Amino acid sequence: MISRIKQNMKKNINIYLVLFIITLTFTFIFMQNRYAADTYWMENYGLRYNAINPYFHDGRFVMTAFLYILSFLPISMYKVKLISFGIAFISLFISEIIIYNIISRYKNNKIINIISSIMLVLSIFVVELFYFTEYTAVTAFSILLITISTKLLLNYFQNKEKKNLIIAFLCSTITAFCYQGTISLLVIFPIIFTLKYSNNIKKFIKNNIIIAINYSLPSITTLVVSKIVGATRVGGEIVIKDTIIKIVEGTKNLFVTSALIIPSYVFLVIFIILTVILIYIMYKKQCTLKYYLFLIYTILATIIVPVVPYLVVNTSSIWIVPRSTIGIGLLVALPVLFYVIYIKESTKHNNIFIVISSVFLVVQLIGWNMIGTDQIKNNTLEMYETENIARKIADYEKSNNRTINKLVTYKDQNVVYSYPGITTTGDMNYRNLTVSWSFKPSLSMHLNRNLKDGKENNQIKKYCSENNWDRLDDDQFKFEDDTLYLCIY
């Protein structure tokens, strides 16, 4: 096996180098020292505390182990982030290599195979995994596990060796303990290949049942474990009508806006163009009805499977964001993969798919860099405001010989959740000042003390709600003994 890997590496070294460079181009911006709301919390309360709260209670045991291991190393938090980035990068790079080798069984065109691999693994919504730098390693590792599981399932479909099936199920189950948002890929990655390994309806149904079992194992495991360890999102009330409305509206919004990662409608338009071209080629090639039905089947699976888990989430907690619906981001890759796997190639058709897919990837690259750049800008502005608040506190403490160790924040009439010129979408690039559970740890780090929650003051709360500021001003600061009451603009 080792000799076979070496031969493969030697044969495809130039291909793998291209995959490496493309992946680095997409992700390089995320090597910078960055903060999401979760990052401020983690840096203030420490790796071990976060390993339990929230990750253990969310059933993400791989994340718990990852943070515990890092907590024993004498390294800075920035190096923790670099380690996380490194593991994520390697995981996605290896996934691309695996997918490339699978796809190469069906087409000899190296360019379109590279593009297909990138579009499948490095799909548009994966960017939000990189935004949350502290857990990128584990979430991206889950994609690698899913890729390995996919390869083993396809091997089983081909040779019926049960060991492939057992190891595939094991990889899939471990995925449940990494990050639940990627589990839909356990269906979407392999399902596009199933018709290739199904020469009759019986085999097709059997293969899809196996994929369904491979998906159900981690899904049921996640649900059971979450109930046991006390995850909040699987408790509470489920109002079916409201749940369905939230899912439909959130999914529709993703289709149209692509979570502002790229310009609105680009994702949808490119998908439609690629699909229409594919159907035209299928018509010219005189493809039978089963191929058209299978195309519809895979498209529906890519849309529906990622949102199915929301049906068991309490209605009030449903929040359709890219990182939890990564599978939907693969929709634009489906026509390309379908062409690669099932349609006899021609130079003309290869070039059409290569050009359109390349245009989309360039737009996606610009969007990814915009998210990363805006996160860094956002952090700079957050730092400026936090340091300003810390100075106000220092002035009060010096003048009154008191120490501020409690914080209460109230919102003004019209809170601004983002800075001018910063793209805010989903959970990305909100002003830290407006996120109370994140701002307190951030300010605590600046003051080098852990701030606690202060007592409520309805008079100050009313005062804040009746005013509308557009910048930090002195009259937003209300000090009482050891407590700062701050009006958030």
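**Close-up 1. Helix α17 and the elements that cover its buried residues.** The cover over the buried residues of α17 includes α2 (37-45), α16 (347-400), β1 (406-411), β2 (452-453) and β4 (483-488). The model shown is predicted. Buried in α17 are Ser-438, Phe-439, Lys-440, Pro-441, Ser-442, Leu-443, Ser-444 and Leu-447. The helix holds 12 residues (436-447), which at 1.5 Å a residue should span 16 Å; the end C-alpha atoms lie 16 Å apart, so the two values agree. Just after α17, Asn-448 adopts a positive phi of about 60°.

**Close-up 2. The disulfide between Cys-464 and Cys-487.** The two sulfur atoms are 1.9 Å apart. The torsion about the S-S bond is about -65°, so this disulfide is left-handed. Cys-464 sits in helix α18 (residues 458-465) and Cys-487 in strand β4; the pair links distant parts of the chain, 23 residues apart. Both Cys-464 and Cys-487 are buried. Cys-171 is in no disulfide, and the nearest cysteine sulfur, from Cys-178, is 10 Å away. Cys-171 is buried, with a relative accessible area of 10%.

**Close-up 3. Lys-107, buried without a salt bridge.** Lys-107 lies in the loop between α5 (77-103) and α6 (110-121). The nearest side chain of opposite charge is Glu-345, 5.6 Å away; a salt bridge needs a separation within 4 Å. The Lys-107 side chain instead reaches backbone oxygens: that of Val-340 at 2.9 Å and that of Ile-343 at 2.3 Å. Residues that Lys-107 touches include Asn-113, Tyr-339, Lys-344 and Asn-350.

Methods. Residues numbered from 1 in each chain as written. Predicted model: local features only at pLDDT ≥ 70, side-chain atom pairs only at ≥ 80, totals over all residues. Heavy atoms only, no water. Helix = DSSP H or I, 4+ residues; strand = E, 2+ residues; numbered from the N terminus. Buried < 20%, exposed > 50% of the residue type's maximum accessible area, 1.4 Å probe, protein only. Lys, Arg positive; Asp, Glu negative; His and termini not counted. Polar contact = N/O pair within 3.5 Å; in protein donor to acceptor, adjacent residues only side chain to side chain. Contact = heavy atoms within 4.5 Å. Expected span 1.5 Å × (residues − 1). Disulfide = S-S within 2.5 Å. Lists of a residue's contacts leave out its neighbours within four places in sequence.
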